[in-house]
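Subject: Handover of a structure and notes on it

Dear colleague,

Please find below the structure that I am handing over to you. My notes follow it, and I would ask you to read them with the structure open.

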Amino acid sequence: MQDARLRILTTIVLSAGAFISLYGALATLAWWLLLTPRWKALPHPRILLWVMVMIAITSLVSELSGGEGFSYMVRMIAILLIAAWAYSQRQDGELLDVSVWLMGKRIGFDIGLTAEMGMQSLGLIKQDIQQVRQAMAVKGMKFSVFSILPLAANIVMNQLRRTEEMAKMLTVRGYIRGGEIEPHFHTARIDYLLALSSLLVLTTAILSYY
Amino acid sequence: MRMEMDIIVARGGFQVACQASFGPGVHMISGQVGSGKTTLALAMASLIPYQGRLDKEGVGDVLMSFQFPEHHITASRLDDEVRSWGLDPEQVLPGIGLDDRRGSDPLHLSRGGLKRLNLACVLARDPDLLILDEPFSSLDCVAKSQLCRAIEDRKGKITLLFSHERSVLPRVDTLSHVEYGRLIHHGTVPGSIAAWQGAPPYIRQTLQSGARPENITHKDAREAICRMRD
């Protein structure tokens, strides 16, 4: 899906649809199966497994304590799959484009810039984790509960250091608020189809709820 | 003890090939920033996947020093960080002037301080194969000279030195250069110095003057020029 505006709208609509009701979640899963690259848009299998296990444990606890654990599990899986699809389609700079298009060059630019920096940080944290794993391999260390705290602290400290450097760089370049940018979007026909079909999913979810 | 390889490493749309053999000694591998030195170093340390054959005959332990020393940190205290390398802080920290900061957070050290800590640890372990990725970055001239002596003192072991350092270099046994996605092995020193594509300016100037240095240090360049004048 090339148009970031329609993709973000579709993601919000489908997430809402999946969250509202079990039927909405099933319709979202069907949308994901039929209209996305499916497995190619998923995160690393190990990460996916961890997330699935956590969702399954929470669902089981909820089901055993009288809640709607099964419904929760299906809804969360649907939201997770849609989020993974949206993330896989993301291009650098498009959040800034969408934000400026939606809210203008002042507040829109600030929010877009913050969002872009957040997404960039996610990528850097992923690299940090990879580097920590390499450092442990070099030292012949095995991952343990006791090593989590210093490793996590190291990753947080690195992130804080980078944030400070970024803040200094923006200050040096004279950034105060807002900025000049002309957002450009390319909309393919399929983008409209995907967005419209997501509205059908939301309609299904609302109707089944009432 | 020998390391032989015929590998291709692909990383993020970038590819680098290497066909080489390294025995005991110091092997300088130069290359521009972004030429693929780090990718190759990580593959040689078996830290990233590669295609092909990589044999380490008679090589027991392998250690790699990363370009960015903060990537090595796995502990929140300096003494624990040294222990994470399997070393005694009493023996490592005084040598690099950090004995009074053993309780400090390693990430509160300067980049140069972290680099000295990391290099002190990998050198103290004295592995059979030591892979150093840009070991001179963030070091001052004094620390660079000390590192050169420590590298030269590693007798009977394999040291792979990936660097684009232009001023302070140790005496080496072979020269290689990474360019256009492949490692070009120039051969042993001094025969390969004239062909070395990654030669720093002082070596180039020495060669242009007609002198033939015995090795790649400043001292070798000076001596070669003096010999020519004599």
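In which helix of chain A does Thr58(A) lie? Thr58(A) is part of helix α3, which covers residues 45–64 of chain A. Please keep in mind throughout that this is a predicted model.

Although Thr58(A) and Met73(A) are 15 residues apart along the chain, their C-alpha atoms are separated by 8.2 Å.

**Chain A as a whole**

Chain A contains seven helices and zero strands, and its pattern along the sequence reads α-α-α-α-α-α-α. The C-alpha trace of chain A spans about 55 × 50 × 30 Å along its principal axes. Chain A has 210 residues, of which 27% count as buried. Among the contacts in chain A with a separation of 6 or more, 72% are between residues 24 or more positions apart.

For helix α1 (residues 4–20) and helix α4 (residues 69–89) of chain A, the angle is about 170 degrees and the axes are 9 Å apart. The two helices α1(A) and α4(A) are therefore roughly antiparallel, a term that applies to angles over 145 degrees. On the side of α1(A), the contact is made by Arg7(A), Thr11(A), Leu14(A), Ser15(A), Ala18(A) and Phe19(A). On the side of α4(A), it is made by Arg75(A), Ala78(A), Ile79(A), Ile82(A), Ala86(A) and Gln89(A). By class, this contact of α1(A) with α4(A) has seven nonpolar, three polar and two charged residues.

**From α4 to α5 in chain A**

Gly93(A) is located in the loop between α4 and α5 of chain A. Is Gly93(A) buried or partly exposed? Gly93(A) is partly exposed, because 15 other C-beta atoms lie within 10 Å. The C-alpha atoms of Gly93(A) and Ala56(A) are separated by 35 Å, and these residues are 37 positions apart along the chain.

Helix α5 of chain A, residues 94–139, has 46 residues. Its end C-alpha atoms are only 40 Å apart, whereas a straight helix would reach 68 Å at 1.5 Å a residue. Where does α5(A) bend? The bend is at Gly104(A) and amounts to about 135 degrees. Just after α5(A), Gly140(A) has a positive phi of about 70 degrees.

Helix α1(A) also packs against α5(A), at an angle of about 85 degrees and with the axes 9 Å apart. This angle makes α1(A) roughly perpendicular to α5(A). The residues in contact are Ala4(A), Arg5(A) and Ile8(A) of α1(A), together with Glu94(A), Asp97(A), Val98(A) and Trp101(A) of α5(A). They divide into four nonpolar, no polar and three charged residues.

**Chain B**

In chain B, 13 residues are in contact with 16 residues of chain A. The side of chain B that touches chain A has seven nonpolar, five polar and one charged residues.

Some backbone features of chain B also deserve a note. Most residues other than glycine have a negative phi, and most peptide bonds are trans. Asp126(B) is not a glycine, yet its phi is positive, at about 45 degrees. Asp126(B) is in the loop between α4 (111–125) and β6 (129–133) of chain B, and it counts as exposed because it has 12 C-beta neighbours inside 10 Å. Ser138(B) likewise has a positive phi, near 75 degrees. Ser138(B) belongs to the loop between β6 and α5 (141–152) of chain B, and its 17 C-beta neighbours inside 10 Å make it partly exposed. Finally, Val189(B) and Pro190(B) are joined by a cis peptide bond with an omega of about 10 degrees. Pro190(B) is in the loop between β9 (182–188) and α6 (201–208) of chain B.

With kind regards

How values were computed:
Residues numbered from 1 in each chain as written. Chains lettered and ligands numbered in written order. Predicted model: local features only at pLDDT ≥ 70, side-chain atom pairs only at ≥ 80, totals over all residues. Helix = DSSP H or I, 4+ residues; strand = E, 2+ residues; numbered from the N terminus. Buried ≥ 20, exposed ≤ 12 C-beta atoms within 10 Å, placed from the backbone. Contact = placed C-beta atoms within 7 Å. Nonpolar A, V, L, I, M, F, W, Y, C, P; charged D, E, K, R; others polar. Expected span 1.5 Å × (residues − 1). Bend = angle between axes of the 7 residues up to and from the residue. Axes fitted to C-alpha atoms, helices over the stretch in contact; angles between N-to-C directions. Parallel < 35°, antiparallel > 145°, perpendicular 65-115°, else oblique.
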